[in-house]
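Trainee: I have a model open and want to go through the fold. Can we take it step by step?
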Amino acid sequence: TLAESSPVGIFHTDASGYTTYVNKRWCQISGSSLEKAIGNGWFNAVHIDDKEKLINGWQQATKIEGISFSEYRFVRPDGTTAWVMGQATPERNQENQIVGYIGTITDITDRKTAEQVISASEEKYRTLVEQASDAIFLFDYDGNFLDLNTSAVKLSGYTREELLERTIHDLSIEDDIKMKPGCPLTTGLTLAKNVVYQ
């Protein structure tokens, strides 16, 4: 009753990893039935791009008799994809021998979708920044450089690595910055110094 009313998918295997049970929630998440999941049948519903990694992870976990953890996708009969976080732990008898594995899957599709949207947005932002002709630099409250675009690196005369090892305070406009006074990066650094000091 507890397993059948659980909000997460639950599965059980024998010592060899052969699936012997899945609950209703597991079936709902994966789109597969209990009959199709038994044995290694559940593996047919796993996304083709995730199968090899999932097999390797499971084999490694069973080899060291440890806990298995993975994120992978199920492809349902209607073509929709469900991302899940799966974990399994060994089930031992009184002699401390492994007699099976008990595991769960949690639907993380919404989280994965949000991550993909954020990643796409970040990639678009980074492309715009990198292609900008203006020098753009990112620094923290203490004036440590966190990132710079290619234009900023070219204007400074330093390499990206050299700049990232410095702070705004390390760069004096007259001596250290290798560029003409009044150039965009010089002006930007002067303003940045003022912001940090304030």
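Mentor: We start with the chain as a whole and then turn to the sheet and its helices. Keep in mind that this is a predicted model.

Trainee: Fine. How many helices and strands are there in the protein chain?

Mentor: The protein chain has 7 helices and 7 strands. From the N terminus on, the order is β-β-α-α-α-β-β-β-α-β-β-α-α-α.

Trainee: What order do the strands take in the open sheet?

Mentor: The order is 2-1-5-4-3, in an open sheet of 5 strands with antiparallel pairing.

Trainee: Which strands stand at the edges?

Mentor: Strand 2 (19-22) and strand 3 (68-75); each has a single partner strand, so one side of each is left without a neighbour in the sheet. On average, neighbouring strands are turned by 25° against each other, direction ignored.

Trainee: Over how many bridges do strand 1 and strand 2 pair?

Mentor: Strand 1 (residues 9-14) pairs with strand 2 over 3 bridges, in the antiparallel sense. His12 is found opposite Tyr21 of strand 2.

Trainee: Now the helices. What does helix 3 touch?

Mentor: Helix 3 (residues 51-63) packs on the sheet and touches strand 1, strand 3, strand 4 (81-92) and strand 5 (98-107). Its direction makes about 150° with that of strand 3.

Trainee: And where does helix 4 lie?

Mentor: Helix 4 (residues 109-131) lies across strand 3, strand 4 and strand 5, and runs at about 130° to strand 4.

Trainee: Switching to surface. What share of the residues count as buried?

Mentor: 36% of the 198 residues of the protein chain. The chain exposes about 12300 Å², with carbon and sulfur atoms supplying 54% of that area.

Notes
Residues are numbered from 1 along each chain as its sequence is written. This is a predicted model: local features need pLDDT of at least 70, side-chain atom pairs count only at pLDDT 80 or more; totals for chains, interfaces and linings use all residues. Side-chain values use heavy atoms; hydrogens and water are left out. Two strands pair if DSSP finds at least two bridges between them. Helices (H or I, at least four residues) and strands (E, at least two) are DSSP runs, numbered from the N terminus. Axes are lines fitted to C-alpha atoms, for helices over the stretch in contact, and angles run from 0 to 180 degrees between N-to-C directions. Contact means heavy atoms within 4.5 Å. Buried means under 20% relative accessible area, exposed over 50%, partly exposed in between (1.4 Å probe, protein chains only). Accessible areas come from the Shrake-Rupley method with a 1.4 Å probe; for residues, only the protein chains shown count as cover.
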